[in-house]
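Student: Please give me a close look at one part of this structure, the place where the two chains meet.
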Amino acid sequence: MKQKSSSKWQGMLLLTLKYIVLIIGAILFLLPFLFMLSMSLTDSHELFQIPFRLIPRSLNWLNYKEAWTENYPFNLFLKNTIFVTGIFILGQVTVCSLVAYSFARLRWRGRNLLFTVLLSTLMLPAQVVIIPQFIYFSKLGWVNTYYPLLIPWIFGRGAFPIFLLRQFYMTIPLDLDEAAKIDGATYFQIYYKILLPLLKPALGVVAINGFMFQWNNFFEPLIYINEKAKFTLALGLRMFQAGEFGTYWNFLMADSVLVALPCFIIFFLFQKYLVQGTIIGGGLKG
Amino acid sequence: MKEIQREEIYGYLFVSPWLIGYILFIAFPVVYSLVISLYKYTLPFTIKFTGFSNYKEIFYDPLFRTALYNTAYYTILAVPLGIIASIIIALILNMKLKGISYFRTIYYMPAVISGVAVSLLWLVLLDPSSGLINYLLSLLHIRGPVWLQDPKWAKPALIIMSLWQSGGNMIIYLAGLQQIPEQLYEAATIDGANSWYKFWRITLPLLTPTIFLSLVLSIIGSFQIFTQAYIMTGGGPLNSTLFYVLYLYQKGFQSFEMGYASALAWILFVVVLVLTIIVFKTSWRWVYYEAEVK
């Protein structure tokens with residue numbers, strides 16, 4: 001009897017310890033965000049005051065309005081970013097789902113070889129192709145357009161989404177295709193009418209990953225876009241930092257919060273799909 | 001017979017958007033960049049065949065060595081530490097506790113944002129006098145370094161920043177952990193194994209395929225570190241954060257020495273390829289595959 005109650009106490013102690021570890025970790029992961037938020041709300045003349053205050057004396061919500069509209073046209077950058085990201089997601093989902101359908105469900109010679117080629121592009125650093133691409137995209141007059149950010153990434157790249165979608169296709173029974181074929185469906189109809197609706201969660205994962213990538217993409221916009229009116233948010237933030245207002249860290253943080261906000265919202269809304277997608281994508285091993 | 005042919009034609013047709021893109025935007029540029037690397041190719045107008053002179057020049061270029069050293073330094077520390085941190089966090093978050101899903105969300109949050117916004121945030125956090133990091137250290141009575149202004153501490157600062165974002169890999173390990181069959185642990189418990197033993201004999205071996213995958217992808221990713229250095233330090237102080245891709249960018253897109261930059265890119269490609277092959281070749285020693293049992 002005595003022993004039983006002591007092991008119960010041990011269990012309680014262990015549980016408490018576990019929660020303490022969890023909470024300390026959570027605080028460490030969250031603190032930078034709180035710091036960011038706090039700085040974005042600090043008055044300009046209270047910046048970098050010592051001693052350090054995590055909560056500023058007064059919360060200046062007007063910072064956000066000022067940071068977003070006064071010095072640089074962030075509304076325009078937002079519009080550009082939404083445009084590029086939107087087209088990118090649409091293109092990638094369409095192309096990758098069709099290509100993955102071919103890899104997963106149609107039999108043709110050279111399929112396994114090409115699939116290996118596709119996976120090997122995961123190991124290719126983007127920088128190896130960026131210089132030749134820059135040279136001929138310049139000749140095509142594609143500098144200061146969004147084509148270089150979209151076309152090579154929708155076609156050609158995209159090994160990961162294609163792989164992920166192929167894994168999802170493999171979980172759907174082949175009988176569906178066979179039955180549809182007997183009913184006289186074409187391959188495109190099987191893809192479009194039968195499989196695609198079943199693939200919605202996977203398409204969601206691809207769309208979310210595509211959003212996170214293109215929304216934050218910096219390297220290609222930095223190289224190809226130098227006309228201010230065509231800047232994306234990432235470039236706008238960089239210009240703000242490097243420019244004459246770069247010392248206004250409260251404004252910079254306010255803009256950073258706003259740029260990061262859509263990523264958080266999308267993550268909170270769709271985190272279930274993301275985890276599920278990773279589990280199936282984990283099949284990349286072996 | 002006819003049906004098989006039709007299937008084949010449609011197979012090629014549907015794969016062609018990727019295949020054509022691959023030829024135009026990957027295969028061709030890869031070959032083209034090898035060709036350019038043999039030229040003195042400086043924009044706007046110098047194009048002259050010079051054989052291997054770019055490679056020779058790179059061999060004696062002290063900045064190339066610095067960049068390679070910095071990148072190797074960063075990779076050797078950031079990749080293993082990142083993997084260890086992700087596994088530990090995944091183990092913690094795999095516990096069956098009330099409210100654990102909220103904790104998962106919190107731990108994953110830093111991985112959600114990337115690029116310029118994170119770099120700006122950490123620029124502020126690492127500020128020696130008013131930043132959060134040194135404030136936290138001062139609570140422990142530790143005088144923090146000046147981080148990004150000190151050549152010795154700039155790289156460790158960027159590594160700490162990368163660890164904060166381990167949540168992305170953590171999810172992969174969490175997925176790996178959840179695929180380990182519960183019966184294995186139950187059987188081990190009956191045999192009297194303690195948690196420590198279970199971790200080393202069951203959890204870790206069964207996670208090795210996941211570790212393998214994330215090791216390959218992390219090495220490739222870490223060799224391409226760019227945005228943090230570009231935004232936060234510009235390669236300084238004293239070139240201590242001049243990473244490989246940043247140097248390549250400076251050569252290719254600031255001084256427009258395209259031939260030289262292409263040679264740099266090819267060397268990067270070969271280095272990454274060799275490392276990947278080494279990981280693959282050694283994998284049979286430490287990666288556990290269930291298929292082997294069959």
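Tutor: In the contact between the chains, 74 residues of chain B touch 68 residues of chain A, where two residues are in contact if their C-beta atoms, placed from the backbone, lie within 7 Å. On the chain B side, helix H1 (residues 2-36) provides the largest share, 21 residues; helices (H or I, at least four residues) and strands (E, at least two) are DSSP runs, numbered from the N terminus. By class, this side of chain B holds 57 nonpolar, 15 polar and two charged residues. Here Ala, Val, Leu, Ile, Met, Phe, Trp, Tyr, Cys and Pro count as nonpolar, Asp, Glu, Lys and Arg as charged, and the others, Gly among them, as polar. The model is predicted: local features need pLDDT of at least 70, and side-chain atom pairs count only at pLDDT 80 or more, whereas totals for chains, interfaces and linings use all residues. Residues are numbered from 1 along each chain as its sequence is written, while chains are lettered from A and ligands numbered from 1 in the order in which they are written.

Ten residues from domain 1 of chain A and twelve residues from domain 2 of chain A form the contact. On the side of domain 1, helix H1 (2-40) and helix H2 (62-69) of chain A each give two or more residues, and H1(A) gives the most, with four residues. That side of domain 1 of chain A has six nonpolar, four polar and no charged residues.
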